[in-house]
Structure formats: C-alpha cells, structure tokens
Amino acid sequence: MAHATLAMPRKSKRWLTSDRLISLLLIAPSVIAIAVFVYGFIGFTAFASFTKWDQMLPDFSFVGWRNYEKLFNTTRFQIDLANTVVFTILFLIACLALGFLLAVLLDQHIRFEGFFRSVFLFPLAISYIVTGVVWRWLLNPGSVQLGSTGVNLLFEKVGLAFLKNGWYTDPNIGIKAVVIAATWQMSGYVMAMYLAGLRGIPEDLREAARVDGATEIEVYRHIILPLLQPITLGAVIILGHMSLKIFDLVVSMTGPGPGFSSDVPAFFMWDTTFRGNNFAQGAGIATILLLSVAVLIVPYLVYSTRTEADV
C-alpha cells in the first residue's frame, strides 16, 4: 500500500507532462502559421521599406531611411496625414455622440425597443464596400443635365435647397463626406456598447441622486458618464484604429478625390505598391500605418493588463 501510494505522484506527474505535450502539439500549427504569415510578413515589410525595390523585380539594395524621407516630403502623403487626422477626430466625435444619444433613448424602455435596436445595428452587418457604394449614390451631387440626385434632391424637395453641395466632389468637403458614411455604419455599434453599460448601472444610484435633488442632466453628468468611462475608452480605441487604416470605404465611395481631398495613407499605399510598382515606398507607408495603430493600441493593452492584474 505504501509503495502504491508513493507511486501515485509519479504517474500523475507523467500524465501532466504528457498532457502538456499534447496541448503544445495541438497549438503548434497555429503558432507557426501566425509566426510566419503575420509576424514574418510584418518583418519582411519593414525590411523592404529600407531597400531600393521600386520595380516588379525585387531589389534588396539597402538605402536606409531614404524611402521615409522621400515619403514625408511628398505632398500627397502630407495631405493624407491631414485627412486622417480630420477623419479620425470627426469620426470619433460623431460616433460617440450619436451612439450615446441612441443608447440613452433606448434605455428609456420605449415600445418596440428590440426593433429599433436591430435597425440601429443593421448597418454594422454591411461591409464597407457596400456602404461606400450606397453612400456614393446618396451623396452624388447630380449634374446640370440630370438635375439633383440623392440627398441633394431630398433637400430640394423639402425646401432646404441651400444645403445642397458637391459632397465628395467638393475639395473643401472631401474626407468629411466619408465621415458621414462611416458614422452611419459604426454609430450603432457604439450604441450597443453604451446601452450595455447603461443597463449595468444600478437604478438605485440614479434614484439616490434624484432624491438628493439632482436633475436628469446632472445624473448623467456626475454619475452615469463617469461610470461609462471604460466603455468610452474601449470605443475610442476600436474606432480610432479603424479610422487610421480606413481603405475599403474610400475605395468604393470616393477614391482619392479632387486634389486628394479624400485620400488616405492606406489608399496611397495600395496605389503606390500595385499601380506604381514602388514596393519599397509602399512598404514604408504600411510600416507607418502599423506603428500608428500600435501607438494607439499597445498602451491600451498594457493598461488593461495592469488593471486586470490589480483586480
């Protein structure tokens, strides 16, 4: 009996070792695939950005930072960076404001709440390509021969003709027209995040504030909004990284636009790489996009990891 008792830990230890080995073998294909097709290609792209590969045939002659210097001195890339900043700011403000407003309205337990919630979330089920095509039709300014179309025709019919404009064909609007389409698609997602947060706040906190004499605006300002800060931060991170690498919506809706007014770095990268065959410069744009997204996401991941560790 004593020998059998002493032998149990050894068998258990061998079993654990075997179980760990099987687990490692099961995840090994995924780890290898990610290492090669994700991190390996990222490394190759970064390497290519320091080479002289500006034609179909690869040329890995090392040129240092020359591609990046040329890139930042390119007028189109400077306009693209400015467009990205404008798009990101307007997109975040519009989505957060509209999403929060819709969530507050649904939180009032209105009739047919499920129907309205589905309607607001429906654009999220559509790809950016479809969204771009639809909004290209809606924001088509029309012509002298055909007259007004889309939104301009609606403004004309309801007596708001002064709101008619060229939308994405107007260099002064350009990227702002893309913001309208992107907000339409993503505001429902923000609404769902805020609605989940609102439903998670105990009603007792609101009632206690009302008993103390707080108005509804003060309840939202001093109680609800502070409690929704983690959700707001998460929404900013998700929407922010999407805005930095926006591509398909621009391709299907506007293209670079007049005077590159709706151009973005991702579209410039595609244009440079696959139309101009300047693979080194395209790799440089891709690397800059990766770093810009990492600057936004990595601090958030570090913060989330530390927060979970403290809990």
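Biologist: How many residues apart are F87 and F91 in helix α3, and what does that spacing amount to?

Modeller: F87 and F91 sit four residues apart in helix α3, so about one helical turn separates them. A helix here is a DSSP run of H or I with at least four residues, numbered from the N terminus. Before we go on, this is a predicted model, in which local features need pLDDT of at least 70 and side-chain atom pairs count only at pLDDT 80 or more, while totals for chains, interfaces and linings use all residues. Residues are numbered from 1 along each chain as its sequence is written, and side-chain values use heavy atoms, leaving out hydrogens and water.

Biologist: How do I read ring pairs, and how many aromatic pairs are there?

Modeller: Rings of Phe, Tyr and Trp (its six-membered ring) pair if their centres lie within 6.5 Å; planes under 30 degrees apart are stacked, over 60 edge-to-face, and the rest tilted. The count by this rule is 21 aromatic pairs. F87 and F91 make a stacked one, with 5.3 Å from centre to centre and 20° between the planes.

Biologist: Are F87 and F91 buried or exposed?

Modeller: Buried means under 20% relative accessible area, exposed over 50%, and partly exposed in between (1.4 Å probe, protein chains only). Both F87 and F91 are buried.

Biologist: Why does the pair of F247 and F267 count as tilted?

Modeller: Their ring centres are 6.4 Å apart and the planes meet at 35°, so F247 and F267 are a tilted pair. This pair joins distant parts of the chain, 20 residues apart: F247 is in the loop between α10 (229-244) and α11 (248-253), and F267 is in helix α12 (residues 265-275). F247 has 26% relative accessibility, so it is partly exposed, whereas F267 has 4% and is therefore buried. There's also a cluster that ring pairs build from F44, F47, W53, F60 and F279.

Biologist: Which residues have the most contacts inside the largest nonpolar core?

Modeller: A nonpolar core is a set of buried Ala, Val, Leu, Ile, Met, Phe, Trp, Tyr and Cys residues joined through side-chain atoms within 4.5 Å. The largest one holds 47 residues, and F87, L139, Y194, L198 and L228 have the most contacts inside it. Two or more residues come from each of α3, α5 (128-138), α6 (150-157), α7, α9 (216-227), α10 and α11. The top contributor to this core is α7, which gives 13 residues.

Biologist: At what angle do helix α3 and helix α7 cross?

Modeller: The axes of α3 (residues 75-106) and α7 (residues 175-199) come within 6 Å and cross at roughly 40°. That makes α3 oblique to α7. Angles under 35 degrees count as roughly parallel, over 145 as roughly antiparallel, 65 to 115 as roughly perpendicular, and the rest as oblique. Their contact has 23 nonpolar, four polar and two charged residues.

Biologist: Which residue has a positive phi of about 55° although it is not a glycine?

Modeller: That's H109, found in the loop between α3 and α4 (113-121). H109 is exposed, at 59% relative accessible area. F112 has a positive phi too, of about 60°, and is not a glycine either. F112 lies in the loop between α3 and α4, and with 57% relative accessible area it is exposed.

Biologist: How far apart are the C-alpha atoms of R66 and Q281?

Modeller: They are separated by 9.4 Å, though R66 and Q281 are 215 residues apart along the chain. R66 belongs to helix α2 (residues 66-72) and is exposed, with a relative accessible area of 52%.

How values were computed
Axes fitted to C-alpha atoms, helices over the stretch in contact; angles between N-to-C directions. Nonpolar A, V, L, I, M, F, W, Y, C, P; charged D, E, K, R; others polar.
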